[in-house]
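Please keep the sequence and the model open while working through the points.

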Amino acid sequence: MNAPLRKVAISVLVLFTLLIVNVNIIQVVRAQSLRENPRNTRVLTEEYDRERGAIVVAGNEVASSVSTGEALDYLRQYPQGPLYAAVTGYYSVVFGNTGMERAENDVLAGTDDRLALRRLGDILTGRDPSGGNVELTLDPAVQEAAMDGLEGVTGAVVAIDPSTGAILGMASTPTYDPNQLSSHDPAAMRAYADQIQPAAGSGEADPLTNQAIDERYSPGSIFKLVVAAAALSSGDYTPDTTVPAPDLYTLPNSSNELENYNGESCNGGADQSLIDALTISCNTAFAELGVKLGEDRLRDMAEAFGIDDEGFDVPLPVSGSTLGDIEDDAALAQSSIGQRDVQLTPLEAAMISAAIANKGSLMKPHLVTSIQAPDLSVVDQTDPEEMSTPISADVADELTKMMTSVVTNGTGRKARIDGVQVAGKTGTAEVGTSGDDAAPHTWFTGFAPADDPKIAVAVFIKNGGQSGTEGAGTGGDVSAPIAKAVIQAYLDGQGAGG
């Protein structure tokens, strides 16, 4: 063979080798990731020939499939679409899948290993294959009360069973109709997607964003619970220990002064007890307390509650909350009142209250209670799992006493429920200096009944307050009443159900 032919042969051999290697990489190495890619509509189209499993809440299907007899046989439907959209997500041949439709896709599509025996049975008996069901922990009354409270605002509500970590409610607004993104009409789906997409630069929230777990915000004074927990856990403080509460607090190594909300005085400038400082949410007291405790104690406590975690799944992916960088004591003082770089998800805010309610034990939040085969037999069930123990039972009791005072005597009065002792903390987080986006975020987090907790809740309203104006909207004004309604709805249902 002459030299030119030899070169051509070697070139062809190299090309064939590269081709074989590439095919193997695609078919073997990248097969799973390509299959799970939400843009892989070929896989979705194949799955439309199989009845997809249902997503179930309290025995009712909130996502199900019906046969249409069309080329794409099964159509995904959401009977109460906007109510559960933040959790269910959508299942679309154009846009892929999101939410629980994505997180539990293998179960719903019937490809999960836990359904292997069912698939084998389908092959042996000739049955049409179908997916498994996902039963959620959500409580319908809680979800409805949460969405009613959030009507017309951007915000989120998260409710948790503190003893198990089961998520009883996860509401996010603005919401959307997943039916409109899961039809068999590509043009209509794209038109609806364009319709709900906020205009660039408008500042409006994206309805497809789950405000409860995707975004994190300045928490304001609800973060004082973490500071109080660090103080009580140090052994140097009790609820009755007096702390400085000046009208103005000069930040360390600075001429800048920190004031209380709307320039109010906490105790005429005199020292006050820790429980009273939390009851009226005294900024200067907690800023100075945070500096005295030091960054290490504060950061250790924040991390024990799950703050500064990189995130986890419920099984929806949850963004990590953060304490942020604290470069000096001035920054530490501001961080101690939930400002500066402190950022929490509403789920994290609920977790803080849930840990206090559960005697200091933080249970891992979860949305799935069981996985069912198509015949409704349970193939897997979620067992409660402790995530951490940020505080002792004694400290939890002391914090409960302080949080109960907040609702009974302080800023959280609008969360009071007749005949039920509610524990809570309000928050009003400053976020800007001008325009609509400068209005503070409003928060409430708490639990009830205080002496036998059944539900922990967090309510977040983006730019819900009116800082600096008469009759300003605060966490106590705006978010606490929503928390009251959510707690009341759950406790009423518990009473009716025994």
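This is a predicted model: local features need pLDDT of at least 70, side-chain atom pairs count only at pLDDT 80 or more; totals for chains, interfaces and linings use all residues.

Which backbone oxygen does the side chain of Thr445 reach?

1. The side chain of Thr445 reaches the backbone oxygen of Ala349, at 2.8 Å. A polar contact of 2.7 Å also joins this side chain to that of Ser353. Thr445 itself belongs to strand β20, which covers residues 441-448, and its relative accessibility is 1%. Because the limit for buried is under 20% relative accessible area, Thr445 counts as buried.

2. It is worth looking at what surrounds Thr445 once its neighbours within four places in sequence are set aside. Its contacts then include Ile222, Leu225, Met403, Val457 and Ala458, as well as Ala349 and Ser353, the two residues already named for their polar contacts with Thr445.

3. Strand β20 also holds Trp443, and this residue pairs with Phe460 in strand β21, so that distant parts of the chain, 17 residues apart, are linked. There are three aromatic pairs in the model. In one of them, the rings of Tyr217 and Phe460 have their centres 4.3 Å apart and their planes at 25°, and the pair is therefore described as stacked. Tyr217 lies in the loop between α9 (186-196) and α10 (224-233), whereas Phe460 lies in strand β21 (residues 455-461), so this pair ties together parts that are 243 residues apart in sequence.

4. The rings of Trp443 and Phe460 have their centres 4.7 Å apart with planes at 50°, so this pair is tilted. Trp443 and Phe460 are both buried, and Tyr217 is buried as well. Taken together, Tyr217, Trp443 and Phe460 make up one aromatic cluster.

5. Which cysteines form a disulfide? The model has one disulfide, formed by Cys266 and Cys282, whose sulfur atoms are 2.1 Å apart. The link is right-handed, with 100° about the S-S bond. It connects distant parts of the chain, 16 residues apart, since Cys266 sits in the loop between β11 (257-259) and β12 (272-273) and Cys282 in the loop between α11 (274-279) and α12 (283-293). Cys266 counts as buried at 15% relative accessibility, and Cys282 is buried with a relative accessible area of 0%.

6. Met402 is found in helix α16, residues 393-409, and it is buried, its relative accessible area being 0%. Apart from neighbours within four places in sequence, Met402 is in contact with residues that include Leu274, Ile275, Leu278 and Thr279.

7. Finally, the reader may trace an open sheet of six strands, in which the order is β3-β2-β1-β6-β16-β17 and the pairing is mixed. Its edge strands, β3 (74-77) and β17 (378-381), each pair on one side only, and from one strand to the next the twist averages 25°. Within this sheet, strand β1 (residues 55-57) and strand β6 (residues 133-136) pair in the parallel sense over three bridges, and Val56 stands opposite Glu135 in β6.

Note on methods: Residues are numbered from 1 along each chain as its sequence is written. Side-chain values use heavy atoms; hydrogens and water are left out. A disulfide is a pair of cysteine sulfur atoms within 2.5 Å. Helices (H or I, at least four residues) and strands (E, at least two) are DSSP runs, numbered from the N terminus. Buried means under 20% relative accessible area, exposed over 50%, partly exposed in between (1.4 Å probe, protein chains only). A polar contact is a pair of N or O atoms within 3.5 Å; within protein, one must be able to donate a hydrogen and the other to accept it, and residues adjacent in sequence count only if both atoms are side-chain atoms. Contact means heavy atoms within 4.5 Å. Two strands pair if DSSP finds at least two bridges between them. Axes are lines fitted to C-alpha atoms, for helices over the stretch in contact, and angles run from 0 to 180 degrees between N-to-C directions. Rings of Phe, Tyr and Trp (its six-membered ring) pair if their centres lie within 6.5 Å; planes under 30 degrees apart count as stacked, over 60 as edge-to-face and the rest as tilted.
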